[in-house]
Amino acid sequence: IPWDHQGVAPFNQLDEVAPAGSKGHVRNIQGQLVFADGSPARFWGIGIAVAPDFPPKSRTEAQLVAKKLRAYGVNFVRFTGLDYKRVGLFSSWQRTGMLDRTVMDRLDYFIAKLREQGIYYSLTIHDSSEKASLLKDVSPNNNKVSHKQYKFVQIFDETVERVILDWYGAFYDHLNPHTKLKYALDPANIFVSAVNEDSVINGYLRKKGANLSKQNYRSLESRFNKFLAQKYNNTSELNKSWAKGKKSGLSSSERIENASVQLTPAKKLKTVNPSRVADIFQFINGLNKDYATGIEKRLRSMGYQGLFTFTNDFYGFENIRLINSISGIVDMHGYFDHPIKQGSKAKGSRTESVTNIQMLAAPRGRNEKNIKPFDRNFYKFYLSAIEDLPFVISEWNHNGWSDYAYEGPLLMAAYGSLQGYDALAAHTYLSW
């Protein structure tokens with residue numbers, strides 16, 4: 001289908017669509033998305049990754065894209081990557097205190113055209129962690145991929161935390177001249193995820209590749225000692241808690257008073273007392289919660305009435321409980337049969353491969369040993385759904401090279417309807 005196709009889509013039965021936002025803010029009512037006027041809200045959409053040539057530079061193109069999306073039944077668009085260096089919004093704001101006018105003008109106009117077509121949206125402005133490299137005295141993790149070098153560090157590093165709060169404030173305070181609304185106040189802006197695919201627990205548990213650097217670990221351990229000092233009155237009280245059972249508790253060299261209690265490495269958790277393990281995970285998930293709560297408070301202080309959640313990937317059941325404690329929705333991602341890169345892009349020998357299995361059946365067979373349970377979207381979604389919270393899948397895909405490519409959009413629509421999912425957004429990517 002040509003990108004600028006303006007013909008009638010045979011399956012679209014919508015003769016008239018009210019402008020997005022005309023029914024008021026979307027809310028969570030007993031686990032379902034509902035407009036302010038009481039009517040049910042469900043969303044079928046796409047993800048749009050922002051790059052130097054997008055949002056559309058041409059206003060004609062912006063109008064064509066909005067009309068095409070509406071013609072094919074799309075009523076939701078999730079923008080992601082707004083903070084990437086190549087976009088220039090964050091770097092411009094940090095350098096001058098202002099958002100780049102050229103980029104924002106294109107985004108403002110495109111969103112206005114989407115709203116006219118009845119298409120709601122969500123803005124992901126805390127996606128890439130590479131922006132932390134623009135801040136002095138922030139140590140990266142050990143990941144060699146630039147946009148992931150500050151993942152999880154950006155959540156517990158206090159310098160980054162303060163900057164991100166101001167970044168949220170600056171962006172959501174921006175007035176769209178075409179809608180006459182600030183992004184914090186626009187009812188067509190339906191939800192916010194505090195951070196995209198990130199959690200401190202992800203960095204703590206990783207064994208290689210993107211694990212914490214020594215400096216990161218020292219910083220995290222320092223905050224752990226502050227947590228213990230607030231929870232326990234003194235070392236004696238801490239030792240009493242951690243001495244239960246047969247496994248080791250507090251060593252003779254560890255004391256709250258001089259902040260010398262070690263944050264046990266993940267690989268050694270099985271060797272220490274369960275009480276110590278419990279405190280470690282309470283501390284880490286507390287960092288996630290405090291971080292998300294700070295961002296939500298900033299947004300609410302600006303008048304934001306939309307939905308909010310911490311992050312959009314699965315980091316264990318305690319993380320899911322955390323989402324339940326602060327969230328208006330569960331936002332989840334799930335990629336099925338993600339391509340495996342091989343060779344060198346620079347040398348022109350880059351190739352990619354897929355396992356080529358069915359999404360639902362996922363039969364045992366060729367390369368089955370490479371497919372983990374969480375690589376199967378439906379299994380991951382099943383574990384992530386929480387009673388009384390709307391379920392949003394803001395990024396999912398089924399690789400186009402697979403023999404089963406078309407089961408992706410067809411099955412996701414059917415399965416999402418049967419399960420009562422509230423929003424689905426297909427997200428493709430250009431890996432080259």
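Tutor: Contact means heavy atoms within 4.5 Å. This is a predicted model, in which local features need pLDDT of at least 70, side-chain atom pairs count only at pLDDT 80 or more, and totals for chains, interfaces and linings use all residues. Residues are numbered from 1 along each chain as its sequence is written, and side-chain values use heavy atoms, without hydrogens and water.

Student: Of the contacts in the chain with a separation of 6 or more, what share comes from residues 24 or more positions apart?

Tutor: Contacts with a separation of 6 or more form the total here. Within that total, the share from residues 24 or more positions apart is 72%.

Student: How are H2 and H5 oriented to each other, roughly parallel or roughly perpendicular?

Tutor: Helices are DSSP runs of H or I with at least four residues, numbered from the N terminus. The axes, lines fitted to C-alpha atoms over the stretch in contact, have angles from 0 to 180 degrees between N-to-C directions. Those of H2 (residues 89-96) and H5 (residues 158-172) come within 11 Å and cross at roughly 100 degrees. Angles of 65 to 115 degrees count as roughly perpendicular, so H2 and H5 are roughly perpendicular.

Student: Which residues in H5 do Leu 89, Phe 90 and Trp 93 meet?

Tutor: Leu 89, Phe 90 and Trp 93 belong to H2. Their partners in H5 are Val 163, Asp 166, Trp 167, Ala 170 and Phe 171.

Student: How many helices and strands does the chain have?

Tutor: Strands are DSSP runs of E with at least two residues. The chain has 12 helices and 14 strands.

Definitions and conventions: Parallel < 35°, antiparallel > 145°, perpendicular 65-115°, else oblique.
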